[in-house]
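Please read the following briefing alongside the sequence and coordinates shown below. It goes topic by topic through the points that can be checked directly in the structure.

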Amino acid sequence: MNGGVHPFASLLAAVARGITGVQVQWAGCEPDEKQRIYFANHTSHLDFVVLWSALPSDLRAHTRPVAAQDYWESSAVRRYVVTNVFNAVLVQRGAMAQAKTPEEARFAARALIEQMAAALGEQYSLILFPEGTRGNGEKVGEFRAGLYYLALRRPDVELVPAYLENMNRILPKGEVLPVPMLSLLTFGKPIQVEQGEEKEAFLERAREAVGSLRRIGSA
Amino acid sequence: MMPQAFHDAKLLWLFGGVLFLLYVATLIGRWAKQRRKGEASRATVENVNARIRAWWKMCAIFAAAILLGRIGSLVLFGLISFLALREYMTLVPTRRGDHRTLFWSFFVIMPLQYCLIGLQWYVFFTILVPSLVFVFVPTSIAIAGDTASFLERAAKIQSGIMVCAYCLSYAPALLMLSIPGYEGRDARLLLYLVIVDQMSGVLQFVWDKLIGKNKIAWRVSPHKTWEGSFGGVLSATALGTALWWATPFTPLQSAGMAFTICVLGFCGSLVICAIKRDIGIKDFGMVIERHGGILDRIDSLCFAAPIFFQLVRYYFVP
């Protein structure tokens, strides 16, 4: 065990870095011990592993991904990888959409935020993909509200935008075999919820913070 | 296998000459860096120094390849092919429907090409890409079902495999030729090809800077001039002629071979330049700097290797 990191996680991270040849740029902040929520665009299963592997090894042990329960608990291998290897926080996605009454929705939302806040605890950072699902890489999709409420709930935690480039070409949704193209990962300047900022305005701003880190025009 | 290279005095001379040249070039590069003045000249010096660094790496790779013998060379050139193809495919826009075709290109076609050379299966290795892969790529894209810019995508992938895997693989294939009276000396031939090809590039660059006036195609490459290209090709041909003692050629034959290598190398770098302009890679090249640039170094080699191989095979292998 390497400071709480599962050896298999380090192995997977090394493999992911090899396949993606990822070049990391800290454009708006430096790696730091501070508690953070890294939020990024999502196009591939490689996203989390690559982002995680881009962090200095001492930070990795304290950085957990947020993953969708419905997807990652659907098989024993997935569950093992995500919970045992990466110490992920499994959340129920779409709980608010499925709720029948506004009351239920509010309750589900609060439970979700509390769960993520608890996962942050006193020392952990999170990796979050606020689009909630993998996109096709053309543009960053709408953000779900969780990021906003979590930011309000834990104002002490830094929100760091990140953009992962080309991952959808390396391992797109629905494929199991990767193509070893090169990729880029850019960390941007931390943002925060401004005084009195509305949910929609903040989420749009956060989405732009991610999208603006794109370094190569769309294909 | 290893001692063979050591017993070949001429190979050592050739390699020693390269190291000496590189060492001198590095010293000059350092000296020029210290007395740089002006933004433009600094950029030129930096460009040259970057090339020199790349050649040191290439030299190290080459030395390793020669020490490891035929298989070592194949593995190392295979690796260069892989990196070049990776760079190419990253830069060339592809679509989701190309994914599986690309996977095959990297993990089946390219390794197979090098395996066939290793097995000395001459016919199969020369036709694999031009005939089989030519059919395979569009078929596999068609099966994926996306017809948007179909022909363009197929052509891009075919060209990538052709240049990065097929053409380049002819360089280590030189080691499978058995030339009477030249057995076990093929490494020299490979080194000869690389030296003439790379020196042609450098000398063209130097002549461009010295006497270059009339641009060949400024839209494609703002630096290439007729004067520079002629000067570079002719002086590298002279160098190749002077290296005849390391080859199975007579001085005159060596001049012809070197001239062919230089002209083809020129075509290669011009074509790759045009591809780069087309996909606006100049900016991208800076973005992926750490990984970029392999294609820039081997573009001329890719175009020169197949014809050089075929000429040697036609005239010198009974």
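This is a predicted model: local features need pLDDT of at least 70, side-chain atom pairs count only at pLDDT 80 or more; totals for chains, interfaces and linings use all residues.

- Not counting residues up to four places away in sequence, Ala162(A) touches Tyr38(A), Phe39(A), Ala40(A), Leu51(A), Leu185(A), Thr186(A), Phe187(A), Gly188(A) and Leu213(A).
- In soluble globular proteins, nonpolar side chains tend to be buried together.

**The sheet of chain A**

- Seven strands of chain A form an open sheet with mixed pairing, in the order β1-β7-β6-β2-β5-β3-β4.
- Because β1 (23-26) and β4 (89-91) of chain A stand at the edges and have a single partner strand each, one side of each is left without a neighbour in the sheet.
- From one strand to the next, the twist averages 20°.
- Strands β2 (residues 36-40) and β6 (residues 158-165) of chain A run parallel and are joined by five bridges, and Arg36(A) has Glu158(A) as its bridge partner in β6(A).
- Helix α2 of chain A (residues 46-53) packs on the sheet, where it touches β2, β3 (63-68), β5 (125-128), β6 and β7 (184-187) of chain A, and its direction makes about 120° with that of β6(A).

**Helix α7 of chain A**

- Helix α7 of chain A (residues 102-120) has 19 residues, which at 1.5 Å a residue should span 27 Å, and this agrees with the 27 Å between its end C-alpha atoms.
- The buried residues of α7(A) are Leu112(A), Ile113(A), Met116(A) and Leu120(A); seen down the axis of α7(A), its buried residues fall within an arc of 90°, so they line one face of the helix.
- An α-helix has 3.6 residues a turn, so residues three or four places apart point the same way.
- Exposed residues Glu103(A) and Ala118(A) are carried on the face of α7(A) turned away from its buried side.
- Helix α7(A) lies across β3, β4 and β5 of chain A and runs at about 180° to β4(A), and it is followed by Gly121(A), whose phi is positive, near 55°.

- Asn166(A), a residue other than glycine, has a positive phi near 80° and lies in the loop between β6 and α9 (167-170) of chain A.
- Asn166(A) counts as buried because it has 22 C-beta neighbours inside 10 Å, the cut-off being 20 or more.
- Ser149(B), also not a glycine, has a positive phi of about 35° and lies in the loop between α5 (122-144) and α6 (150-173) of chain B.
- With 12 other C-beta atoms within 10 Å, Ser149(B) is exposed.

Conventions
Residues are numbered from 1 along each chain as its sequence is written. Chains are lettered from A and ligands numbered from 1 in the order in which they are written. Helices (H or I, at least four residues) and strands (E, at least two) are DSSP runs, numbered from the N terminus. The expected span of a helix is 1.5 Å times one less than its number of residues. The arc is that of the directions from the helix axis to the C-beta atoms. Two strands pair if DSSP finds at least two bridges between them. Axes are lines fitted to C-alpha atoms, for helices over the stretch in contact, and angles run from 0 to 180 degrees between N-to-C directions. Two residues are in contact if their C-beta atoms, placed from the backbone, lie within 7 Å.
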